[in-house]
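Here are a few exercises to work through with the model open in your viewer. Try each task before reading its solution.

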Amino acid sequence: MSEPRYAFEDLAVGSEWPLGSKKVEASEIIDFASQFDPQPFHLDEAAGKASILGGLAASGWHTVSMFMRMMCDAYLLDSTSQGAPGIDYARWRAPVLAGDTLTGKTTVIESRVSKSKPSLGFVVLRHEIFNQDGVLVCDLQNTGMFSLREPAA
């Protein structure tokens, strides 16, 4: 197995990482909602249209799950990621509807090397997800933990 492309050193404050795109299908909205968030506007087009969401809408948790996949594909799976201690916030700004295409970006807000584990760095990441019209549908912030490529001796 080759060395990961991205390590702590590559996540400089201010750098941005584009995420790929994800087409949101009605069937996956219904499948996710059936298992995890069975509210009517996530399960039925007519119920979605009758709601303030305006159509069959993905659960916010589904939106975050799709974002996670986009982030994994964009850079996380080719990095020294050691997970995350949690998220600071997740905000659902606009509905994600069946047929939408999501894109996004990750921006590095802060980074520091761990004092107790000098081979590990903490990186504060802000994530923004947009629909095909450029509308911000979700934003999140979390701290990720990444191994250093070359820890200090």
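## Exercise 1: Around Glu-28

Glu-28 sits in helix H1, which covers residues 26-36. Keep in mind that this is a predicted model.

**Task.** Find which backbone nitrogen the side chain of Glu-28 reaches, and which residues Glu-28 touches beyond four places away in sequence.

**Solution.** 
1. Start with the side chain: that of Glu-28 gets to the backbone nitrogen of Glu-25, at 2.8 Å.
2. Now skip residues up to four places away in sequence; Glu-28 then touches Lys-22, Lys-23, His-62 and Met-66.

## Exercise 2: The nonpolar core

**Task.** Work out how many residues the largest nonpolar core has, and which element gives the largest share of this core.

**Solution.** 
1. The largest nonpolar core comes to 28 residues, and Leu-19, Tyr-75, Val-96, Leu-102, Val-123, Ile-129 and Phe-146 have the most contacts inside it.
2. Two or more residues of this core come from each of strand E1 (16-23), helix H4 (60-74), strand E3 (101-113), strand E4 (120-130) and strand E5 (136-147).
3. H4 gives the largest share, six residues.
4. As background, nonpolar side chains in soluble globular proteins tend to be buried together.

## Exercise 3: Salt bridges

**Task.** The structure holds 10 salt bridges. Take Arg-69 and Asp-73, Arg-93 and Asp-139, then Arg-126 and Glu-128, and sort the residues by exposure, using under 20% relative accessible area for buried and over 50% for exposed.

**Solution.** 
1. Arg-69 and Asp-73 form a salt bridge with their closest N and O atoms 3.0 Å apart. Both lie in helix H4, four residues apart, or about one turn of the helix. Arg-69 and Asp-73 are both exposed.
2. In the salt bridge of Arg-93 with Asp-139, the closest N and O atoms are 2.7 Å apart. This pair links distant parts of the chain: Arg-93 is in the loop between strand E2 (87-92) and E3, while Asp-139 is in strand E5, 46 residues apart.
3. Arg-93 has a relative accessible area of 44%, so Arg-93 is partly exposed. Asp-139 is at 0%, so Asp-139 counts as buried.
4. Arg-126 and Glu-128 meet through their side chains at 2.7 Å, N to O. Arg-126 counts as partly exposed because its relative accessibility is 23%, whereas Glu-128 counts as buried because its value is 13%.
5. Follow the shared partners: salt bridges join Glu-16, Arg-93, Lys-105, Arg-126, Glu-128 and Asp-139 into one network.

## Exercise 4: Rings

**Task.** The structure holds four aromatic pairs. Classify the pair of Tyr-6 and Trp-17 and the pair of Trp-17 and Tyr-75.

**Solution.** 
1. Tyr-6 and Trp-17 have ring centres 4.6 Å apart and planes at 85 degrees, so this pair is edge-to-face. Tyr-6 is in the segment before E1 and Trp-17 in strand E1, 11 residues apart.
2. Trp-17 and Tyr-75 have ring centres 5.5 Å apart and planes at 40 degrees, so this pair is tilted. Tyr-75 is in the loop between H4 and E2, 58 residues apart from Trp-17.
3. Check burial: Tyr-6 and Trp-17 are both buried, and Tyr-75 is buried too.

Methods: Residues are numbered from 1 along each chain as its sequence is written. This is a predicted model: local features need pLDDT of at least 70, side-chain atom pairs count only at pLDDT 80 or more; totals for chains, interfaces and linings use all residues. Side-chain values use heavy atoms; hydrogens and water are left out. A polar contact is a pair of N or O atoms within 3.5 Å; within protein, one must be able to donate a hydrogen and the other to accept it, and residues adjacent in sequence count only if both atoms are side-chain atoms. Contact means heavy atoms within 4.5 Å. A nonpolar core is a set of buried Ala, Val, Leu, Ile, Met, Phe, Trp, Tyr and Cys residues joined through side-chain atoms within 4.5 Å. Buried means under 20% relative accessible area, exposed over 50%, partly exposed in between (1.4 Å probe, protein chains only). A salt bridge is a side-chain nitrogen of Lys or Arg within 4 Å of a carboxyl oxygen of Asp or Glu. Rings of Phe, Tyr and Trp (its six-membered ring) pair if their centres lie within 6.5 Å; planes under 30 degrees apart count as stacked, over 60 as edge-to-face and the rest as tilted.
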